[in-house]
Amino acid sequence: MDMTSGKKRDFGTEEKDALERCVLCGKLTGVSRDTPIGEREYYVEAAGQLCAECFAKIYIPSHNDDILNP
């Protein structure tokens, strides 16, 4: 039982609880909550931790296939 909330906790959730979730999609990111934000990949200040997929969707520009290459 979690003493702070009074709710029962599932066994085996400690590892999941120690990892950050993506603030957009909710997937586990593989980043420990103990990792300083300056050392994290895909962390966005004032927003939070993103997974690699959400970070790519937002910050990596997509290219138009109709553009002609010289």
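**Ground rules.** The model is predicted, so I take local features only at pLDDT of at least 70 and side-chain atom pairs only at pLDDT 80 or more, while totals for chains, interfaces and linings use all residues. Residues are numbered from 1 along each chain as its sequence is written, and side-chain values use heavy atoms, with hydrogens and water left out.

**Cysteines.** I looked for disulfides, meaning a pair of cysteine sulfur atoms within 2.5 Å. The count comes to zero. Cys25 is in no disulfide either: its nearest cysteine sulfur belongs to Cys51, 3.7 Å away.

Next I checked burial (buried is under 20% relative accessible area, exposed over 50%, partly exposed in between, with a 1.4 Å probe and protein chains only). Cys22 counts as buried because its relative accessibility is 4%. Cys25 has 40%, so I put it down as partly exposed.

**Surface patch.** Which residues form a nonpolar patch on the surface? I get Val23, Leu24, Ile58, Tyr59 and Ile60, with about 500 Å² of accessible area together. Areas are from the Shrake-Rupley method with a 1.4 Å probe, and for residues only the protein chains shown count as cover. Patch members need over 30% relative accessible area and no salt bridge; nonpolar side chains (Val, Leu, Ile, Met, Phe, Trp, Tyr) are joined within 5 Å, like charges within 9 Å. A salt bridge here is a side-chain nitrogen of Lys or Arg within 4 Å of a carboxyl oxygen of Asp or Glu.

**Tyr59.** Tyr59 sits in helix α2, residues 52–59 (helices are DSSP runs of H or I with at least four residues, strands are E runs of at least two, numbered from the N terminus). Tyr59 is partly exposed, since its relative accessible area is 45%. Beyond neighbours within four places in sequence, Tyr59 is in contact with Val44 and Leu50 (contact means heavy atoms within 4.5 Å). I also noted 9.8 Å between the C-alpha atoms of Tyr59 and Tyr42, 17 residues apart along the chain.

**Glu20.** Buried or exposed? Glu20 has 18% relative accessibility, so it counts as buried. Glu20 lies in strand β1, residues 19–21. Setting aside neighbours within four places in sequence, I find Glu20 in contact with several residues, including Lys27, Val31, Arg40 and Gln49. With Arg40 there is a side-chain polar contact of 3.3 Å (N or O atoms within 3.5 Å; within protein, one must be able to donate a hydrogen and the other to accept it, and residues adjacent in sequence count only if both atoms are side-chain atoms).
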